[in-house]
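Please open the model in your viewer and keep the sequence beside it. The stops below say what to select next and what is to be found there.

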Amino acid sequence: MKDAYHVNFIFAGYDEGVGPSVYLMDYLASCVKVPFAIHGYGSYFGLSICDKYYKKDMNETEARFLLGKIIAEIQKRFLVNLPAFHVRIISREGIRELPIIHAKPASNLTAQSGGEQQMDM
């Protein structure tokens, strides 16, 4: 028999009359409603970007732009090369998966005006 796994969960959904909700449950079963959630080793970089740029009523275009900032920061600062990102969008229409986002290696990221990084999205 294997030992128990320690896992963290992100729960997200959409309820009529309430709207979208995101919950984060840690490995100790503490559950809290959050405005955004990221987990994994690269989450420390992504959460700092969300703290600065997240807005409550973002549309999908703005959210995808924010995602690009997060991926660029992870590619720039994280020691491990993460070549692909899987993203799902949850809305009142249901759940849909975006095409896999293939990030450019950090050495190939090109600086744009304002210090932004260019990504293939």
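Select Phe-11, which counts as partly exposed because its relative accessibility is 39%, where buried means under 20% relative accessible area, exposed over 50% and partly exposed in between (1.4 Å probe, protein chains only). Phe-11 lies in strand E1, residues 9-15; helices (H or I, at least four residues) and strands (E, at least two) are DSSP runs, numbered from the N terminus. This is a predicted model, in which local features need pLDDT of at least 70 and side-chain atom pairs count only at pLDDT 80 or more, while totals for chains, interfaces and linings use all residues. Residues are numbered from 1 along each chain as its sequence is written, and side-chain values use heavy atoms, with hydrogens and water left out.

Next, select helix H1, where Ser-43, Phe-45, Gly-46, Ile-49 and Cys-50 are buried. Viewed down the axis of H1, these buried residues fall within an arc of 160°, so they line one face of the helix; the arc is that of the directions from the helix axis to the C-beta atoms. On the face turned away from that buried side, H1 carries the exposed residues Tyr-44, Asp-51 and Lys-52.
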